[in-house]
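Hi everyone, thanks for coming. Have a look at the structure on the slide, and then I'll walk you through a few spots in it.

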Amino acid sequence: MGTYILRRALGVLVVMFAVVTGMFLLLHASPVSPVNQLAPQVAADPVARAAVEHRMGLDRPLLVQYGDYLGGLLTGDMGESLYDGSSVADQVGRALPVSLELGFLATVLAGIPALLLGTWSALRQGRAVDRATRVLTVLAMSLPGYWLAVVLMVMVDDPDFLPGAGGFVHFTDDPARNLQVLLLPALVLGLAAFAMVTRSLRGGLVEAYASDHVAFARAMGSSRLDVLRRVALRGAVVPTLTVAGVLIGGLLSGTVLVENVFQIPGLGQLMVTAFQRQDYQLALGGCVATAAIFLLLNLVVDLLYLVVDPRTRQGLARA
């Protein structure tokens, strides 16, 4: 088992290296330049432009820039913003907790109802509750998050529930106000995840209830609760966990649209601002942090398989 964990951790590092390399090359292959954001007379003057590029280090060979960035990244240094010279690590450090909190709240608001409704729908297969659940989840997956966010802002129109109207408040400053302003963004962010986890769990449970294991447990006189808890859920939890792991990673790292609609100062808004300013270093720092969160969460999901599925542990023991 230890070998499996080490192998998965090394795999995450390899993927992270590939992601950093790919994003670095893509950003620097772009025809735009941070120098274009300077005053027109400076950007149009070749001498002044060359001086600014030299000061920013943009005139060095690409491999040298990449080597310096990678070396700094290994020591926790993400470089300096090309726009104002501030530390990228500091800006990412301020924005990251906001995105993590929003993603965590969306996970709770989506996960708990999804587990309850998915289980209930499977237990009432073919009945009105089951049919309504399937219609509801399809509708929830069909609604564009950006459109829904704008509609909710127009419908609510209450500064107490809109971060941009009253100003965003951090949890440490005012927990009640913080949760209040994050409620609508978390609902929008978690709606599609709620629908997909509900459908995945329902499908897994329906398949599990049709298996011989459940039939045998019923024949042995097990109660409905024991059949659900000890047999059916064990068969349905692995595919559901796979879906949930990818979705939760997306919730915690893919908040760009929601944060910008609701004006939440998280990683999503930070990256949009960086791209608008053509700030390579800041945009790259936000992308690296987002990728790291996603990969770490998927590593956690892989390790959870060892806990929830005995067959995985047995397979590793025989390997």
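Let's start with Tyr 69, which counts as buried at 5% relative accessibility (buried means under 20% relative accessible area, exposed over 50%, partly exposed in between, with a 1.4 Å probe and protein chains only). Quick word on the source: this is a predicted model, where local features need pLDDT of at least 70 and side-chain atom pairs count only at pLDDT 80 or more, while totals for chains, interfaces and linings use all residues. Residues are numbered from 1 along each chain as its sequence is written, and side-chain values use heavy atoms, with hydrogens and water left out.

So, which ring pairs with Tyr 69? The ring of Phe 24 does: the two centres are 5.9 Å apart and the planes sit at 35 degrees, so we call the pair tilted. For rings of Phe, Tyr and Trp (its six-membered ring), a pair needs centres within 6.5 Å; planes under 30 degrees apart are stacked, over 60 edge-to-face, and the rest tilted. This pair links distant parts of the chain, with Phe 24 in helix H1 and Tyr 69 in helix H4, 45 residues apart. Helices here are DSSP runs (H or I, at least four residues), and strands are too (E, at least two), numbered from the N terminus. Phe 24 is also buried, at 1% relative accessible area.

Now the two helices themselves. H1 (residues 2-29) and H4 (residues 62-74) pack at about 140 degrees, with axes 11 Å apart. That makes H1 oblique to H4. Under 35 degrees counts as roughly parallel, over 145 as roughly antiparallel, 65 to 115 as roughly perpendicular, and the rest as oblique. The axes are lines fitted to C-alpha atoms, for helices over the stretch in contact, and angles run from 0 to 180 degrees between N-to-C directions.

Who meets whom? On the H1 side we have, among them, Phe 17, Val 20 and Phe 24, and on the H4 side, residues including Leu 62, Tyr 66 and Tyr 69. Contact means heavy atoms within 4.5 Å.

Is Gln 281 buried or exposed? Buried, at 15% relative accessibility. Leaving out residues up to four places away in sequence, Gln 281 touches Tyr 69, Met 78, Gly 79, Glu 80, Leu 82 and Val 88. And that brings us back to Tyr 69, one of the residues Gln 281 touches.
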